[in-house]
Amino acid sequence: GTTPVNIRGEPILSRTGGWVAAFFIFGNEMAERMAYFGLSVNMVIFMFKVMHRPFTSSANAVNNFLGISQASSVLGGFLADAYLGRYWTIAIFTTMYLLGLIALTVSASVPALVPTQEGCDKLAMLLGACAPAAPWQMAYLQTALYVTAFGAAGIRPCVSSFGADQFDERSAGYKRRLDRFFNLFYLAVTLGAIAAFTAVVYIQMQHGWAAAFGTLALAMGASNALFFVGTPLYRHRLPGGSPLTRVAQVLVAAFRKRNAAFDSGDFVGLYEVAGAKSAIRGSAKIDHTDDFRWLDKAALQLEGAGGEENPWRLCTVTQVEEVKILLRLLPVPACTVMLSVVLTEFLTLSVQQAYTLNTRVAALHLPVTCMPVFPCLAIFLILALYYQTFAPLARRLTGHPHGASQLQRVGLGLFFSILSVAWAGLFERYRRGYAVRHGYLALFLTPMPDLSAYWLLIQYCLIGVAEVFCLVALLEFLYQEAPDAMRSVGSAYAAVAGGLGCFVASAINTAVDAATRNDAEGRPSWLAQNINVGRFDYLYWLLAVLSTINLLVFVYFAKRYKYR
């Protein structure tokens with residue numbers, strides 16, 4: 001059941017799969033990330049400047065878009081593992097993604113789809129005096145945006161797993177190739193992000209919004225064509241049927257036999273089908289473990305009870321172990337939600353900081369919206385040097401063949417995220433004090449010429465290091481540890497954690513704004529639109545405290561986790 005097949009379900013040829021097939025998949029992921037980050041950095045400004053939405057409302061709308069596109073990834077993982085397989089799930093949802101990007105391009109191209117821009121100068125925009133978008137105009141934009149979000153949701157849990165499927169797990173050196181694959185996969189993600197924060201921003205500034213969104217649509221169209229060209233080379237895993245149904249069957253069967261005892265005289269044993277093959281298509285048999293003993297009752301065979309033909313009464317050991325594995329995996333991606341919160345906050349708050357700083361170096365003037373490119377450059381550099389620098393050094397210290405285990409790398413990434421957000425708080429305290437001392441308190445959109453935006457590079461580089469260690473290791477960990485027939489669902493855990501991070505960031509912002517603002521006393525919110533009046537430094541330190549608690553929780557679960 002675990003033997004790879006071609007697109008017609010036939011046994012694979014020796015010349016399929018491998019690095020050549022993987023590179024076709026890298027192209028699809030690079031374009032998807034380019035579109036994702038291109039929208040994340042430009043859509044806030046598009047809603048604020050063109051659709052005349054308040055800045056806070058625009059930021060929350062984009063956070064919700066980012067959250068939905070990641071949190072609903074479990075849908076794509078479910079369809080891939082249950083019915084469609086990873087190839088057809090990618091093919092369907094990447095087409096949906098392209099249609100959403102085309103619709104966004106139309107929104108920016110047709111004047112009737114945006115409110116009038118007459119009399120809407122910078123002052124009118126700040127005062128909220130520009131003509132608001134009509135409800136139907138916002139409805140069209142939101143529909144296009146969420147079609148794009150669901151397209152991304154279907155792709156995200158499948159692409160990394162489908163790429164990893166191209167390597168033969170029975171071959172020598174499989175784990176080494178898999179480790180390099182996930183590093184190169186995240187390198188493709190980073191290249192897409194760099195293109196979004198540089199080329200797409202430049203096109204938007206020089207040629208307008210329609211050209212910027214059109215560029216994202218063209219890149220996605222080209223990557224789709226590249227993906228389909230590689231079809232004859234791909235290896236496929238057969239879908240194993242609905243994983244949610246199998247999980248439900250285990251829970252129902254265990255509940256029905258909740259009063260049965262393992263030491264009962266009627267106890268026959270734990271049920272498993274005879275032979276070498278599992279009852280689940282696409283999955284090898286999984287050995288029994290002693291964790292979550294209450295779930296074992298789903299596989300409990302009692303003398304004279306019957307029910308072997310009804311999976312809602314009696315499940316196999318392999319089916320029960322699938323559920324156990326999903327439960328054991330859960331704390332790890334849950335602990336990366338806080339990293340996603342920090343990344344989401346940086347995406348908006350750091351840009352607001354950069355508006356008050358001097359972004360010029362010699363003759364080079366970098367647009368504020370290009371600032372998020374720096375963590376991407378840090379990621380690119382670290383990934384490029386990973387096997388020449390970190391891995392050999394860590395190997396000497398730990399003795400681990402890859403330098404550090406997957407969970408050690410996740411923990412290291414979470415630690416660097418704490419350093420990043422703590423430095424951000426320190427620098428923001430200094431930046432705000434500088435603005436107050438030099439008379440810039442009310443001039444929150446005026447750059448301070450003697451304070452460089454490149455101080456932000458420290459927090460950007462630290463969060464880049466955190467991403468490399470944490471998210472790359474998380475993808476590799478979930479793919480290797482997930483059940484054979486649930487690998488897309490396992491990969492969806494990472495995307496769902498990212499989506500929850502976006503929602504948690506919005507919730508924290510809303511709670512902080514409500515708790516710190518007092519209009520009656522004239523006390524501004526920590527997140528006041530005038531950053532020089534607000535206290536972004538307090539928010540950063542709050543995030544540092546929450547991230548530290550989160551790291552301690554992660555260490556607790558990581559020490560108790562046993563690799564398969």
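The paragraphs below describe the domains of this predicted model, the interface between two of them, and selected helices and salt bridges.

The domain assignment divides the protein into three parts: domain 1 spans residues 4–237, domain 2 spans 243–318, and domain 3 spans 327–560. Between the C-alpha centres of domain 1 and domain 3 the distance is 22 Å. Domain 1 brings 49 residues to the contact between these two domains, and domain 3 brings 43 residues. Together they bury an area of about 4200 Å², with carbon and sulfur atoms giving 66% of that area.

The polar side of this interface can be described pair by pair. One salt bridge is found across the interface of domain 1 and domain 3. A salt bridge joins Arg409 to Asp179, with 3.6 Å between the closest N and O atoms. Five residue pairs, with both members at pLDDT 80 or more, are in polar contact across the interface of domain 1 and domain 3.

On the side of domain 1 that touches domain 3, the elements giving two or more residues are α1 (18–49), α2 (55–71), α3 (73–109), α5 (135–164) and α6 (174–207). Of these, α6 gives the most, with 19 residues. By residue class, this side of domain 1 consists of 26 nonpolar, 13 polar and ten charged residues.

After α15 comes Gly439, a residue with a positive phi, near 80°.

The salt bridges complete the description. Under the distance rule applied here, the count comes to 18 salt bridges. Arg33 and Glu29 are separated by about one helical turn, because they lie four residues apart in helix α1. Helix α1 is also one of the elements that give two or more residues to the side of domain 1 that touches domain 3.

Terms used:
Residues numbered from 1 in each chain as written. Predicted model: local features only at pLDDT ≥ 70, side-chain atom pairs only at ≥ 80, totals over all residues. Heavy atoms only, no water. Domains from an automatic or database assignment. Contact = heavy atoms within 4.5 Å. Buried area = accessible area lost by both parts, 1.4 Å probe. Salt bridge = Lys/Arg side-chain N within 4 Å of Asp/Glu carboxyl O. Polar contact = N/O pair within 3.5 Å; in protein donor to acceptor, adjacent residues only side chain to side chain. Nonpolar A, V, L, I, M, F, W, Y, C, P; charged D, E, K, R; others polar.
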